[in-house]
Amino acid sequence: MNKVIGIVLFILLACFCKAQQVARPMLNPNLAVPNCGIFRTWNGSLDDIKIINVFDESPYKDKSNLLYCRYDWCTLEPKKDIYDFSHIESLMKKALRNHQRVIIGLANMTIAQSSAHFEYDDKQISSPRYIYDALKKSKYPFVLDELHCKGGYSPNYYSPYLFKRYKVLLKTFSKWLNGNVEGTDVMRKHVIYGIEMRYAGYWGEGAINKNIYPSDYKILDAYTDLYIKYFPTIQLIAGALEIGQHCPVYKGESLSEYTSSEISAMRHSYHLLNKKNKFGRIGLFIDSWYPIHPTSNMYDSTTMKVLLDDQNHIIKQSEYYKQNVYGKFFLTGEFDYFLTNYNKDMLPYIFLGDEFTYRHTSSITLSNMNTHNAEKYKKDMQIIFDNTKKVMAYTGYRIVLDSIHLSENNLTFLLTNIGVSRIFHGYYKLYIQIKDNNDNIVYSQPSNFDFRTLDYCHGKPLSYLGQLSKRLSFQLPKIKGKVFVVIKDIDGIEYPMTLSNYGRQYDGGYYLGNI
């Protein structure tokens, strides 16, 4: 009996001591602190992913905080005006069970070798059959596109019927998002973290065969505008290959030096980088983050490719990215290979570290990382994993709380983002709470602080620069108790934010002291 009492007292004492430990910064450069959407996976599990070490106080230490999937048009509309969003509903249900949001690639209409395509007349196509049949009878039939897939066909973007039906699809899906996830009171659109606009090119990532690229920029602009119209409050994401692959290198200041398709791509790309909905600017999805590759600089400061603004000014992409894109856009994508034929002598962290830092990467898909040519580097694989973990430690944002000053009536502290990306979503709400000796909340006051105003790390990742911090101040009521800060998801979907601090409580709060 005495032994049992001793164990109970020990547990109570341990809990009490933890509650009394004031939150202190955790600056380990090898630990990731995942928050909304930084690490996204197809199945939600982190069990087999060897390139991250997650801070053990995070509730997302064994699963990602964002689920990801892509959907072909033929899956969403198997027959004309018969819509099937059940796959997305199932994804949302799974996400809610695990306190996750979802990001989806929506309505690819061009063949993708590994997605749910169909074969019509021995043609591999991702659009519905009725679309194929209708265009086959028109002057805008599907066009052979074997850029990435043998036997693949792409729709002719000039088809008015194609655009009309795609518009109906997005409008229908938009209405569906305004309903609740089945069996819950959570609105579907609140579960959506972002929508990738997959209307163009192979798997919707923007890589269109140059032989069928529209020579009128308004054709592709119109598809972008559909997403802006029907999803005004959701983070939209464009395929960066629309910009990186199709824009030409600089040939001179005269437009006569460029083909009509090149001019179209230059202007459409400029518009992609400037269009916005109510949520904000359109983000970018980069298909592959090769450690070193001949095309890896297509989005970088070394690129010679150009844009064209509405006043016919030719703009160098390299300067435009540095001044107007990096750090200002939600930038995401997926890894492709740890190692490639082009990476024979150097390990990828050397390059990924630079890329993620100057591009200010917001998010990355983890679960499709490949190890091409791994046999040659087999002895180095653990080094590769360990180096890549360093990149994962500062991808997205990572918030530190410190410089706590607590008196009877006042509380101040600093918040600093030591990650490389700003926060783009506005559903975080900071609360100051006071608990009595029985851990009952006797005071809870929300702050109007907007986390989107918090700057990001401009220099070396995880560097701790005071000038980037925000000082928050609060007047406290005349109540005795323990003071906590907790940062909640206002929709109640995700767990409260995990700070880059030791001392996270069972309810997601952080102890600041007693009054």
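This is a predicted model: local features need pLDDT of at least 70, side-chain atom pairs count only at pLDDT 80 or more; totals for chains, interfaces and linings use all residues.

Which residues are buried in helix 12? The buried residues of helix 12 are Met-381, Ile-384, Phe-385, Asn-387, Thr-388, Lys-389, Val-391, Met-392, Ala-393 and Tyr-394. Helix 12 runs over residues 381-394, and with 10 of its 14 residues buried, the helix is mostly covered. Just after helix 12 comes Gly-396, whose phi is positive, at about 75 degrees.

Let me turn now to helix 3. This helix spans residues 86-97, a run of 12 residues. From its first C-alpha to its last, helix 3 reaches 17 Å, which is close to the 16 Å expected at 1.5 Å a residue. Its buried residues are Ile-88, Glu-89, Leu-91, Met-92, Ala-95 and Leu-96. Viewed down the axis of helix 3, these buried residues fall within an arc of 160 degrees, and therefore they line one face of the helix. Just after helix 3, His-99 has a positive phi of about 60 degrees.

What do the buried residues of helix 3 pack against? Three of the partners are strands, namely strand 3 (66-72), strand 4 (101-108) and strand 9 (192-197). The others are helix 2 (73-76), helix 5 (160-177) and helix 6 (188-191).

Helix 3 and helix 5 pack at an angle of about 30 degrees, and their axes lie 12 Å apart. Their crossing is right-handed. On the helix 3 side, the residues involved are Ile-88, Glu-89 and Met-92, and they meet Phe-173, Trp-176 and Leu-177 of helix 5.

Next, the cysteines. How many disulfides does a search of the whole structure find? The search finds zero.

Finally, I would like to look at Asn-514. This residue is found in strand 23, which covers residues 510-514. Is Asn-514 buried, exposed or partly exposed? Its relative accessible area is 46%, so Asn-514 counts as partly exposed, a class that lies between 20% and 50%. Asn-514 and Lys-480 are 34 residues apart along the chain, and their C-alpha atoms are separated by 7.6 Å.

Terms used: Residues are numbered from 1 along each chain as its sequence is written. Side-chain values use heavy atoms; hydrogens and water are left out. A disulfide is a pair of cysteine sulfur atoms within 2.5 Å. Helices (H or I, at least four residues) and strands (E, at least two) are DSSP runs, numbered from the N terminus. The expected span of a helix is 1.5 Å times one less than its number of residues. Buried means under 20% relative accessible area, exposed over 50%, partly exposed in between (1.4 Å probe, protein chains only). The arc is that of the directions from the helix axis to the C-beta atoms. Contact means heavy atoms within 4.5 Å. Axes are lines fitted to C-alpha atoms, for helices over the stretch in contact, and angles run from 0 to 180 degrees between N-to-C directions. A crossing is left-handed if the near helix is turned anticlockwise from the far one by less than a right angle, and right-handed if clockwise.
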